[in-house]
Amino acid sequence: MFGFAIRRLLQAMIVMLVVALLAFTLFRFVGDPVNQMVGIETSIEEREALRERLGLNDPIPVQFFRFVTDAARFDFGTSYQFRQPVSDLFAKRIPATLELSFMSALFALVVGIPMGIYAGLNRESALSKLFLSVSLVGISLPTFFIGILLIFLFSVTLQWLPSFGRGEVVEVGSWWTTGFLTISGLKALVLPSITLGLYQMTLIMRLIRAEMLEVIRTDYIKFARARGLPDRIVHFRHALKNTMVPVITITGLQLGSIIAFATITETVFQWPGMGLMFLQAVQNVDIPIMAAYLLLTAFLFVAINFIVDILYFVIDPRLRIGRA
Amino acid sequence: MPLFGNEDVKAAVADRTPDGSTEPRRSSMSAFLDSDIFHSFLRSKVTVAAALGTAILFLLALLAPWISPHDPFDLASLSIMDARVPPVWMEYADPRFILGTDDQGRDLLSGIFYGMRISLIVGFCSVIAAAVLGISLGLVAGYMGGRVDAVIMRIADIQLTFPAILIALLVDGAARGIFGGIDREVFSFWILIFSLALSFWVQYARTVRGSTMVEKNKEYVQAARVIGIPSVIIMVRHILPNVTGPVLVIATINLALAIVTEATLSFLGVGMPPTQPSLGTLISIGNDFLYSGEWWIAIFPGVALAMLVLNVNLLGDWLRDALNPKLR
Amino acid sequence: MKKFNLGLASAILAAGLSTSAAQAETLKFAFQGALNQLDPYSLNETFTLSALGNVYEGLTRRNENLEIEPSLAESWEVVEPNRWRFHLRKGVKFHNGNDFTAEDVAFSVERLHGEGSDLAKRVGAEVKVEIVDDHTVDFVLPGPNPILHYEWDTWYIMDKEWTEANNAVAITSASDTTPNHAALNANGTGPFKLVSHEPGVKTVYEKYDGWWDEAKHNLDGVEFTPISSDATRVAALLSGELDMVYPIPVQDVKRVNDNAGTKAMTGPELRTIFLGMDQMRDELLYSDVKGKNPFKDVRVRKAFYQAIDIEGIKRKIMRDLSTPSAIMISPFLFSKSGDFERLPYDPDAAKALLAEAGYGDGFSVGMDCPNDRYVNDEAICQAVASMLARIGVKVDLNAQPKAKYFAKVLASAGYDTSFYLLGWTPGSFDSWNILDNLIQCRDETGKGGAFNLGGYCSAEVDALADKILVENDPDKRDALIAEAYTLSNNDVAHIPLHQQGLAWGVAEGVELAQRADNQFHFRFVTKN
């Protein structure tokens with residue numbers, strides 16, 4: 001167990017290093033940061049001086065080494081656009097992204113699971129066909145288009161919900177801001193959460209449906225039925241329980257991708273989170289922010305992968321023999 | 001757009017448990033011809049409709065140059081004075097443009113035919129590229145096991161941290177930096193293929209790896225090995241046919257996902273250029289005119305995109321259920 | 001943002017109530033870009049300077065019609081040709097309570113010339129500052145300069161004591177590892193104080209009661225949010241969430257006007273949009289013509305000019321919110337602009353010119369274009385591409401975000417372009433700026449007219465520019481400028497397209513001044 005964990009940890013670190021290298025190398029080619037930091041009338045000599053000062057003229061390996069050692073200390077440098085430490089900026093943006101991600105995951109689960117169960121149990125019913133069709137429309141339209149249509153309908157036409165931002169936020173402690181405690185904050189969460197969660201909802205619904213379809217055909221369920229247990233107990237105590245393992249795994253894995261893919265939703269709704277900051281950083285060639293964002297999402301994925309691996313190792317004894 | 005397809009997640013779950021859901025499947029090409037499948041196909045009206053719809057849309061895309069009333073790529077034929085003409089049933093319409101025109105005076109109907117063609121070409125090319133890459137790596141990983149397997153699967157982990165959108169942004173930037181002034185129209189196309197393929201191959205690799213791990217311990221493979229048949233031949237001739245079913249399912253769903261992702265990338269400005277628009281490019285152009293009452297510029301391509309993706313997805317769904325032995 | 005007291009659940013309610021009560025006199029507005037940092041000398045960019053202009057003030061300011069007015073300086077005179085004397089306003093206090101004195105002016109000049117300053121040209125490097133007394137300052141120039149103070153409305157005066165006490169004498173630079181106090185805080189003399197600033201998220205201002213001037217606005221506070229998506233920004237106005245947004249896309253002007261409770265304010269902007277062609281290289285970087293450069297032939301440049309249907313662009317792309325231009329400067333900034341006329345749109349003449357120049361079968365050329373910088377920039381480039389297609393020129397359009405576009409076409413990348421679209425507002429509102437930056441000869445590294453991307457070069461025009469710089473008589477000066485424009489127009493140095501229009505969206509009950517330089521000042525706002 002211990003050896004396995006150590007091996008995985010080492011692998012994870014190598015992954016992070018490679019991601020850092022890739023991110024860093026590619027960023028050297030995305031536009032010219034100096035042009036973003038100065039106005040249009042700045043002379044070439046001044047631009048060159050700035051380039052020198054930023055270390056952009058150093059050999060690439062030197063710049064990379066500096067980058068990695070700093071990143072290991074959570075120092076991602078200073079943002080070119082905001083002139084603030086990148087770590088501070090992220091600290092301020094993380095609550096917004098996490099609350100949005102949490103709400104969209106919640107939406108996906110609360111709506112997706114019942115729909116999936118129903119569609120799995122009543123395979124041929126008209127309602128499950130409707131669920132399936134609606135869910136398919138959900139994944140057939142690009143996220144940004146769904147978001148814009150929602151704004152058009154609920155903000156502009158009906159004027160029920162806000163079209164941008166987080167509403168009134170409340171500071172909890174010194175480092176967290178939340179939109180959960182005000183009416184305007186909650187209202188502001190509705191449209192972005194649906195936009196972001198729609199795809200995950202579809203995914204969960206379809207997965208549960210598929211799992212249910214498989215499970216209710218197994219001998220285990222057939223026996224339970226044969227024993228005369230009522231449908232409700234068979235469905236929920238026996239069948240659903242069996243479908244939950246993959247669902248939990250996927251929810252875990254999807255949480256990472258929700259956070260990563262919040263970029264587009266955040267752009268459409270001007271949600272002040274990390275994703276919006278990342279996209280703006282790409283447009284403004286703010287290399288420190290781009291690098292930090294990629295490392296952060298990479299870290300998230302690698303960490304979740306690592307935890308899932310360890311969990312499987314703990315849960316499934318066969319693996320210990322299989323992979324030792 | 002999130003990157004996991006259903007299959008991918010299941011594969012991700014499966015490849016951690018040696019005998020998870022990727023239990024040996026029947027050779028799927030023969031399964032295809034199974035009367036059961038044809039039966040299930042014909043029984044489902046939705047599937048028949050979806051197949052028909054897909055066929056029609058593919059045909060329209062294929063025949064675009066011959067059936068379109070105008071050539072939207074011929075810049076010399078565009079006149080700015082024809083810009084933003086509404087569809088024929090509205091006021092101020094022009095009978096030359098059935099669905100109206102966009103902001104450059106391009107006929108929307110022709111634009112949609114051509115855009116669909118481009119979306120499909122991007123989709124197919126990226127799916128093929130991803131499948132070839134993913135299947136090869138999956139086969140090698142599953143067959144060789146050990147260190148090779150570990151390296152490939154770690155690369156897959158790295159890849160997962162770079163969703164298609166980030167890859168496209170990065171590749172686009174890097175390619176511009178390296179190559180500078182390449183023909184923009186060709187250039188965007190290859191960037192898209194490359195980015196999409198790079199972000200979709202993992203699904204194939206994981207599925208194929210799982211199946212390969214199961215197959216390689218079977219007696220016939222062991223026997224083939226003993227009599228000295230080269231690994232490559234064993235992989236291609238004996239293991240590969242066993243995975244075509246799931247691969248086909250992933251490919252179908254990926255085709256839909258690729259088309260949607262391309263549209264999202266157009267929104268972010270790294271999709272096909274406006275001089276050679278895909279459906280996604282048309283939608284993101286039209287977005288700017290949604291509030292001003294010129295809804296047709298975004299809505300018609302949007303409907304076309306939704307229909308295309310929906311039909312392909314429905315086919316993928318049916319294929320998945322039909323090829324799943326547990327449901328029979 | 002409110003502090004949340006975990007002990008008092010009612011605090012939430014109170015917070016909600018107090019904000020809704022305060023909203024009545026608060027102006028909420030959005031702009032497409034962000035206010036990244038607050039150091040008044042580190043970024044020479046219209047929006048940053050405009051937003052800071054509510055907190056800080058210069059010695060001069062410009063009114064609604066962009067006329068120069070006294071601000072922190074009550075008056076000024078040219079005592080000798082090379083010596084300007086500024087009489088400073090008495091009794092002005094900074095937001096922290098410090099007095100405004102001549103020391104602050106001298107300090108601000110010094111800081112303006114510090115390393116990392118993006119506005120150093122506001123006061124020439126050779127200009128000496130002499131403090132006469134607490135409220136009088138002399139500027140000693142190396143030579144006469146009639147337009148010395150033209151850009152001083154955006155050179156903001158900082159408090160020496162505050163800046164020194166907060167360790168912010170050095171200008172905020174991106175290589176700093178610790179944030180500069182002046183990048184996150186502001187202490188000016190202007191009509192509004194900064195309450196909080198979260199870069200890229202929200203900036204809150206509050207009325208400054210101790211302002212020296214009589215307030216014409218009736219605001220208690222202002223809340224700024226950047227919203228980059230056009231559709232979301234317009235939606236936020238239409239849904240009544242915001243009092244003002246800018247810019248709004250030209251196509252949405254009608255919608256905003258038709259919507260109950262909102263209106264669109266449109267007007268001319270000073271920025272001129274134009275096309276440029278590489279006339280310097282012996283062979284174009286992006287073309288199928290090898291061994292020679294077609295743009296070196298004035299007939300080709302003229303053919304391009306005449307192929308462009310500027311009225312079509314105006315009507316269909318700009319929706320009449322543009323003014324076609326015959327010269328490189330706005331008619332508001334040059335008295336003789338009425339004397340100039342565009343070459344007529346004439347595709348047949350253009351074809352003939354191309355044939356005459358030996359390109360009867362046309363040729364191909366790569367075009368660079370930004371897609372998020374100017375009003376409908378990409379749509380204009382596309383239209384140009386199809387118009388040129390009609391005379392046989394195949395344009396390969398490369399439209400990209402401004403970060404990538406500028407990184408490619410400017411001096412820093414060696415002017416990597418053959419044909420491009422650019423916009424220019426002369427910061428001094430004067431033609432010399434145009435001649436200096438866009439028309440003057442340059443070398444490969446950008447010495448000379450650094451933004452003359454195409455490398456047009458005429459010794460005659462350059463000689464005129466030198467005369468214009470030192471000419472004090474306005475009539476003679478304008479005649480010289482007109483001569484320079486005539487010469488460069490005859491050479492088709494650039495193809496001027498139009499001055500783009502401003503389009504702001506405003507909620508009903510909000511009155512404000514729309515300045516043609518696209519600056520938004522809260523002091524002109526009233527809200528009912």
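Residues are numbered from 1 along each chain as its sequence is written, while chains are lettered from A and ligands numbered from 1 in the order in which they are written. As the model is a prediction, local features need pLDDT of at least 70 and side-chain atom pairs count only at pLDDT 80 or more, whereas totals for chains, interfaces and linings use all residues. The predictor gives the complex an ipTM of 0.75 and a pTM of 0.79.

**Confidence**

- pLDDT is the predictor's confidence in each residue, from 0 to 100.
- Chain C has a mean pLDDT of 88, and 94% of its residues reach 70 or more.
- Residues 1-23 of chain C have pLDDT below 50. Beyond near neighbours in sequence, this stretch has 21 contacts in the model. A contact means that the C-beta atoms of two residues, placed from the backbone, lie within 7 Å.
- Chain B averages a pLDDT of 77, with 80% of the residues scoring at least 70.
- Among the elements of chain B, helix H1 (residues 6-14) has the lowest mean pLDDT, 43. Helix H6 (residues 108-144) of chain B has the highest, 91.
- Over residues 1-33 of chain B, pLDDT stays under 50. The model still has 83 contacts beyond four places in sequence for that stretch.
- Where pLDDT is low, the predicted coordinates should not be read in detail.

**Chain A**

- Chain A has 13 helices and two strands. Helices (H or I, at least four residues) and strands (E, at least two) are DSSP runs, numbered from the N terminus.
- Of the 324 residues of chain A, 50% count as buried. Buried means 20 or more other C-beta atoms within 10 Å of the residue's own; 12 or fewer is exposed, in between is partly exposed, and C-beta atoms are placed from the backbone.
- Take contacts in chain A between residues at least 6 apart in sequence: 69% join residues at least 24 apart.
- Helix H9 (residues 219-226) of chain A is hardly covered. The count of buried residues among its eight residues is zero.
- Gly228(A) follows H9(A) and has a positive phi, near 85°.

**Chain C overall**

- Chain C comes to 15 helices and 20 strands.
- Its radius of gyration is 25 Å, close to the 24 Å of the globule rule for 528 residues, so chain C is as compact as a globular protein of that length. The radius is taken over C-alpha atoms, and the rule is 2.2 Å times the number of residues to the power 0.38.
- The C-alpha trace of chain C spans about 80 × 60 × 45 Å along its principal axes.
- Of its 528 residues, 53% count as buried.
- For contacts in chain C with a separation of 6 or more, residues 24 or more positions apart account for 70%.

**Strand pairs in chain C**

- Strands S9 (residues 192-198) and S10 (residues 202-207) of chain C pair in the antiparallel sense over six bridges. Strands count as paired if DSSP finds at least two bridges between them.
- Lys193(C) stands opposite Glu206(C) in S10(C).
- The hairpin of S9(C) and S10(C) has three residues between the strands, and Gly200(C) takes a positive phi near 80° there.
- Strands S5 (residues 73-80) and S6 (residues 83-88) of chain C also pair in the antiparallel sense, over six bridges.
- Two residues link S5(C) to S6(C) in a hairpin. Trp76(C) stands opposite Phe86(C) in S6(C).

**Core and buried sites**

- In soluble globular proteins, nonpolar side chains tend to be buried together.
- The largest nonpolar core holds 327 residues. A nonpolar core is a set of buried Ala, Val, Leu, Ile, Met, Phe, Trp, Tyr and Cys residues joined through C-beta atoms within 7 Å.
- Ala291(A), Ala168(B), Met244(C) and Val245(C) touch the most other members of that core.
- Leaving aside neighbours within four places in sequence, Val245(C) is in contact with residues including Phe29(C), Leu237(C) and Gly505(C).
- Leu353(C) lies in helix H10 (residues 347-356) of chain C. Leu353(C) counts as buried because it has 23 C-beta neighbours inside 10 Å.
- Beyond four places in sequence, Leu353(C) is in contact with Arg299(C), Lys302(C) and Ala303(C).
- Leu353(C) and Val298(C) are 55 residues apart in sequence and 9.5 Å apart in space, C-alpha to C-alpha.

**Contact between chains C and B**

- Chain C gives 30 residues to the contact, and chain B gives 25 residues.
- On the chain C side, helices H6 (230-238), H7 (253-258), H9 (310-317) and H11 (377-389) and strand S16 (394-400) each give two or more residues.
- H11(C) supplies the largest share of that side, seven residues.
- The chain C side divides into twelve nonpolar, seven polar and eleven charged residues. Ala, Val, Leu, Ile, Met, Phe, Trp, Tyr, Cys and Pro count as nonpolar, Asp, Glu, Lys and Arg as charged, and the others, Gly among them, as polar.
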